[in-house]
Amino acid sequence: MQHFVLEQALNFLIQNGALDLKPLDKKIIKFSLQDLPLDVNFVCTNGRIFVLGDTNNTSDVDISLNASVFFALFRGENLTDLLKQDKIVIHGDVKTAQLLVDLLQSVDIDLEEVLSQYAGDIVAHEAGKIAKSFKKIAQNSPDPLDAIKNALSDLLINPKVSEVYKNKPH
């Protein structure tokens with residue numbers, strides 16, 4: 001199920017962000033998050049990314065990193081710097097890895113606008129404000145995944161102590 005969700009999310013970003021996958025066409029990228037149970041192959045073909053759970057096939061490049069480093073790449077940190085710090089392990093075609101990172105960093109999509117088409121402007125605006133709050137929390141944390149998890153727990157369990165609702169009337 002997580003493979004399907006990941007595949008749908010990636011292809012949604014590609015389609016709505018008007019990203020060009022041609023440089024990655026026919027490439028297989030093994031992607032592993034060391035601190036989460038995620039070990040998949042990204043198969044790039046026909047302008048889409050297919051996510052496969054079977055990682056026994058030969059890949060063009062193997063990329064292994066922690067979730068916090070993955071988020072750091074989205075924030076624009078340099079791949080070369082992270083490689084020098086041994087925060088990312090890459091085996092195989094480094095150029096393919098760089099193309100994937102460049103693609104992910106070039107994603108610029110207004111999710112609030114997309115959501116408004118399905119849920120209306122008010123819901124989309126409020127969801128956008130909450131997402132921005134979570135983004136701010138993640139950017140100010142050395143471990144963004146834990147920070148988001150904790151903020152989401154606070155929001156759902158006890159909204160009054162949540163940073164998302166800070167300075168709002170109760």
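T96 is buried, at 1% relative accessible area. The model is a predicted one. T96 belongs to helix α4, which spans residues 94–105. Its side chain makes a polar contact with the side chain of D93, at 2.6 Å. Leaving out residues up to four places away in sequence, T96 touches L24, K27, I29 and V61.

Helix α1, residues 2–16, holds I14. With residues up to four places away in sequence left out, I14 touches L19, L21, G47 and I49. I14 and L103 are 89 residues apart in sequence, yet their C-alpha atoms are 8.8 Å apart in space.

| Residue | Relative accessible area | Helix |
|---|---|---|
| T96 | 1% | α4 (residues 94–105) |

Next, the rings. How many aromatic pairs does the structure hold? It holds one. The ring centres of F31 and F42 are 5.4 Å apart. Their planes meet at 25°, so the pair is stacked; the cut-off for stacking is under 30 degrees. F31 sits in strand β1 (residues 27–33) and F42 in strand β2 (residues 38–45), so the pair ties together parts eleven residues apart in sequence. Are these two residues buried or exposed? Both F31 and F42 are buried.

Another ring has a charged neighbour. R48 lies over the face of F50, at 5.3 Å from the ring centre.

Notes: Residues are numbered from 1 along each chain as its sequence is written. This is a predicted model: local features need pLDDT of at least 70, side-chain atom pairs count only at pLDDT 80 or more; totals for chains, interfaces and linings use all residues. Side-chain values use heavy atoms; hydrogens and water are left out. Helices (H or I, at least four residues) and strands (E, at least two) are DSSP runs, numbered from the N terminus. Buried means under 20% relative accessible area, exposed over 50%, partly exposed in between (1.4 Å probe, protein chains only). A polar contact is a pair of N or O atoms within 3.5 Å; within protein, one must be able to donate a hydrogen and the other to accept it, and residues adjacent in sequence count only if both atoms are side-chain atoms. Contact means heavy atoms within 4.5 Å. Rings of Phe, Tyr and Trp (its six-membered ring) pair if their centres lie within 6.5 Å; planes under 30 degrees apart count as stacked, over 60 as edge-to-face and the rest as tilted. A charge sits over a ring if NZ of Lys or CZ of Arg is within 6 Å of the ring centre and within 35 degrees of the ring normal.
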